[in-house]
Amino acid sequence: ERTMATALDNVNPVVREREVVTRSEGPGLPPASGADKGGAQEEKRAGQPFREREPIDSIEVFEHIRDIADPEHPYSLEQLGVVTHGNVKVNDEEGKIDVFFTPTVAHCSMATLIGLCIRTKIMRVLPPRFKVKVFLTKGSHQTEDAVNKQLNDKERVLAALENPNLLQLVNKCLAPTEL
């Protein structure tokens, strides 16, 4: 059972329906059907099997982060409008992922924790070839620059995750929930 903070930043958040996201074929997107596009999936290269890597797109990243639990409310980040598919940018070829999130209020004291949860989830589920950046949506928070700096400083993120209390909070938000 989730324990609520003593004083909620937003006592009456707007709760949204799940967003329907569909994949359409196009440049840089994996085929919707999963069908092979005319080449062998596996071939020999210098005696070693070569496996074509599966491209990652914004839908896949969004599917991983949409159900992260809000630290204050019994809702997901998607339900509260904190994360949306449109604010997930992926460049598979360059190995870059940028996620922009919007707290429910401009003075949200949980913004850094929410960003840390988003970053941690992506780091845990996607290949290490990706450089992940997590940002507050422009103009969405009073201390936007400071939070963005914290969330994108690799050493500070790793140090935060070494704190057992903070790691427990992150793991609680990332725990699977029943919808």
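Among contacts in the protein between residues at least 6 apart in sequence, what percentage join residues at least 24 apart? In this predicted model the share is 67%, where a contact means heavy atoms within 4.5 Å. Local features need pLDDT of at least 70, side-chain atom pairs count only at pLDDT 80 or more, and totals for chains, interfaces and linings use all residues. Residues are numbered from 1 along each chain as its sequence is written, and side-chain values use heavy atoms, leaving out hydrogens and water.

The protein contains 5 helices and 5 strands, taken as DSSP runs of H or I with at least four residues and of E with at least two, numbered from the N terminus. Their order from the N terminus is β-β-α-β-β-α-β-α-α-α. Of the 179 residues, 36% are buried, that is, under 20% relative accessible area with a 1.4 Å probe, protein chains only.

Helix α1 (residues 58-65) has Ser58, Ile59, Val61, Phe62 and Ile65 as its buried residues. These lie on the same side of α1 because they cover an arc of only 160 degrees around the axis, judged by the directions from the helix axis to the C-beta atoms. Their packing partners are β3 (88-91), β4 (96-101) and α2 (111-125).

Helix α2 also packs against helix α3 (residues 144-151), at an angle of about 30 degrees and with the axes 10 Å apart; axes are lines fitted to C-alpha atoms over the stretch in contact, and angles run from 0 to 180 degrees between N-to-C directions. On the α2 side, Ala111, Thr112, Gly115, Leu116 and Arg119 meet Val147, Gln150 and Leu151 of α3.

Definitions and conventions: Buried < 20%, exposed > 50% of the residue type's maximum accessible area, 1.4 Å probe, protein only.
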